[in-house]
Amino acid sequence: MQIEIFTRHGDLTVDQRQHVSEKAEKLKKYFDRLMSIEVMIEHVKHAWKVEVLVSAEHKHDFVATEEAETLGAAVDLCVHKIEHQLRRYKDKIQHHKGDPSMGDLETSRSPEA
């Protein structure tokens with residue numbers, strides 16, 4: 001998996017880059033088949049704008065954008081949004097054929113008179 005961090009209008013310190021990289025690495029925990037992660041960071045006036053683009057196998061891309069007063073807060077909020085998207089996507093593609101439906105569960109619980 002490839003992680004790229006881009007900045008517009010300025011540079012990041014080594015600690016900031018490391019924090020962003022660590023947060024991006026954690027996304028692999030939620031979905032194994034990630035191809036690349038791109039983090040675009042922009043410092044505008046008194047806020048940080050962060051955009052995360054995640055590319056997964058089979059042409060699925062996930063995007064999240066956040067703006068906050070600190071870089072850490074913006075990155076955390078953005079990564080949280082991507083985590084939610086990855087969880088929903090993973091749940092959607094998993095094969096649930098063996099699971100009983102809700103209708104089957106209700107009829108098996110109701111006592112027959």
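What percentage of the 113 residues of the protein count as buried? The share is 29%, where buried means under 20% relative accessible area, exposed over 50% and partly exposed in between (1.4 Å probe, protein chains only). This is a predicted model, in which local features need pLDDT of at least 70 and side-chain atom pairs count only at pLDDT 80 or more, while totals for chains, interfaces and linings use all residues. Residues are numbered from 1 along each chain as its sequence is written, and side-chain values use heavy atoms, with hydrogens and water left out.

**View 1. The overall fold follows the pattern β-α-β-β-β-α-α.** The protein has 3 helices and 4 strands. These elements are DSSP runs numbered from the N terminus (helices: H or I, at least four residues; strands: E, at least two). Of the contacts with a separation of 6 or more, 43% are between residues 24 or more positions apart. A contact here means heavy atoms within 4.5 Å.

**View 2. An open sheet of 4 strands runs in the order β1-β2-β3-β4.** Its pairing is mixed; two strands pair if DSSP finds at least two bridges between them. β1 (2–8) and β4 stand at the edges with a single partner strand each, so one side of each has no neighbour in the sheet. On average, neighbouring strands are turned by 15 degrees against each other, direction ignored. β1 and β2 (residues 34–44) run parallel and are joined by 7 bridges. Among them, Gln-2 has Ser-36 of β2 as its bridge partner.

**View 3. Helices α1 and α2 against the sheet.** Helix α1 (residues 14–25) packs on the sheet and touches β1, β2 and β3 (47–56). Its direction makes about 140 degrees with that of β1. Helix α2 (residues 71–93) lies across β2, β3 and β4, at about 150 degrees to β4. Axes are lines fitted to C-alpha atoms, for helices over the stretch in contact, and angles run from 0 to 180 degrees between N-to-C directions.

**View 4. The structure holds 1 cavity of 30 Å³ or more.** On a 1 Å grid over the protein atoms alone, a cavity is a set of points where a 1.4 Å probe fits but cannot get out; lining residues have an atom within 4 Å of a point. The largest cavity has a volume of about 30 Å³, the space filled by probe spheres set on the points. Val-20, Ala-24, Val-39, Val-50, Val-52, Val-75 and Val-79 line this cavity. At least two lining residues come from each of α1, β3 and α2.

**View 5. Glu-66 in strand β4 (residues 60–68).** Glu-66 counts as buried because its relative accessibility is 17%. Its side chain makes a polar contact of 2.7 Å with the side chain of Lys-81. A polar contact is a pair of N or O atoms within 3.5 Å; within protein, one must be able to donate a hydrogen and the other to accept it, and residues adjacent in sequence count only if both atoms are side-chain atoms. Beyond its neighbours within four places in sequence, Glu-66 is in contact with residues including Trp-48, Val-50, Leu-77 and Cys-78.

**View 6. Glu-42 in strand β2.** Glu-42 is buried, with a relative accessible area of 15%. Its side chain makes a polar contact with that of Arg-8 (3.4 Å). Leaving aside neighbours within four places in sequence, Glu-42 also contacts His-9, Ala-47, Trp-48 and Lys-49.

**View 7. Lys-45 in the loop between β2 and β3.** Lys-45 has a positive phi of about 45 degrees although it is not a glycine. Lys-45 counts as exposed, at 77% relative accessibility.

Technical notes
On a 1 Å grid over the protein atoms alone, a cavity is a set of points where a 1.4 Å probe fits but cannot get out, and a pocket is an open set with protein on both sides within 12 Å along at least five of seven lines; lining residues have an atom within 4 Å of a point.
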